[in-house]
Amino acid sequence: MKPKRSKKQDKPVCPIPPPDLPPKFRQLIVEEMGGKGVVLVIQKTIFYSDINLTANHFSIPFSQVKTHDFLNEAEAKELTGKNPMQEWLLDPSMKGTSITFNKWVMGSSSLYVLTNTWNPVVKNNQLKKGDMVQLWSFQVNSLLCFALVKL
């Protein structure tokens, strides 16, 4: 009698490779803008709260952030001091806009948020509940920038 093997043993284990920044974004960010240190911050489904015109913010829960290494020490300290930062966002249509990046602490959970000029990003890119997006960070001349990619 042969020993039974579980089906898990029959399947090769293939790790899922990390997503890559789409080529058109990579070309603009790296080649044309001189961007460095491109890092995936979060991949998430757009929720109602992300497109609610009254709320006017895109939430980035700490629990879903791929890595917090996208912030340098000074930026992390600035946010910890409850100081919002003006940053540059490349939206899904590859249009650049100034946006406020902040850290909110809500009870025992924390999240990053993009605020102030978020509603025009939603409108101009026709973002809707259920859309899957990725937020990437990068540095241009040592300044923090973001790219929002709609999948």
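Phenylalanine 62 is partly exposed, with a relative accessible area of 24%; buried means under 20% relative accessible area, exposed over 50%, and partly exposed in between (1.4 Å probe, protein chains only). The model is predicted, so local features need pLDDT of at least 70 and side-chain atom pairs count only at pLDDT 80 or more, while totals for chains, interfaces and linings use all residues. Residues are numbered from 1 along each chain as its sequence is written, and side-chain values use heavy atoms, with hydrogens and water left out.

The structure holds 7 aromatic pairs. Rings of Phe, Tyr and Trp (its six-membered ring) pair if their centres lie within 6.5 Å; planes under 30 degrees apart count as stacked, over 60 as edge-to-face and the rest as tilted. One of these pairs joins phenylalanine 62 to tyrosine 112 and is tilted, at 4.6 Å centre to centre and 40° between the planes. Phenylalanine 62 lies in the loop between β2 (57-61) and α4 (73-80), and tyrosine 112 lies in strand β5 (residues 109-115), so the pair ties together parts that are 50 residues apart in sequence. Helices (H or I, at least four residues) and strands (E, at least two) are DSSP runs, numbered from the N terminus. Tyrosine 112 is buried, with a relative accessible area of 5%.

The rings of phenylalanine 70 and phenylalanine 101 form an edge-to-face pair, because their planes stand at 65°, with the centres 6.2 Å apart. This pair links distant parts of the chain, 31 residues apart: phenylalanine 70 is in the loop between β2 and α4, and phenylalanine 101 is in strand β4 (residues 96-106). Both residues are buried, phenylalanine 70 at 4% relative accessibility and phenylalanine 101 at 0%. Ring pairs join Phe62, Phe70, Phe101, Tyr112 and Phe146 into a cluster.

Strand β6 (residues 132-140) is largely enclosed by the rest of the structure, because 8 of its 9 residues are buried. Two strands pair if DSSP finds at least two bridges between them. Strand β1 (residues 36-45) pairs with β6 in the antiparallel sense over 7 bridges, and threonine 45 stands opposite methionine 132 in β6. The pairing of β6 with strand β7 (residues 143-150) is also antiparallel, over 8 bridges. Within β7, alanine 147 is the bridge partner of tryptophan 136. The hairpin of β6 and β7 has 2 residues between the strands, and asparagine 141 takes a positive phi near 50° there.
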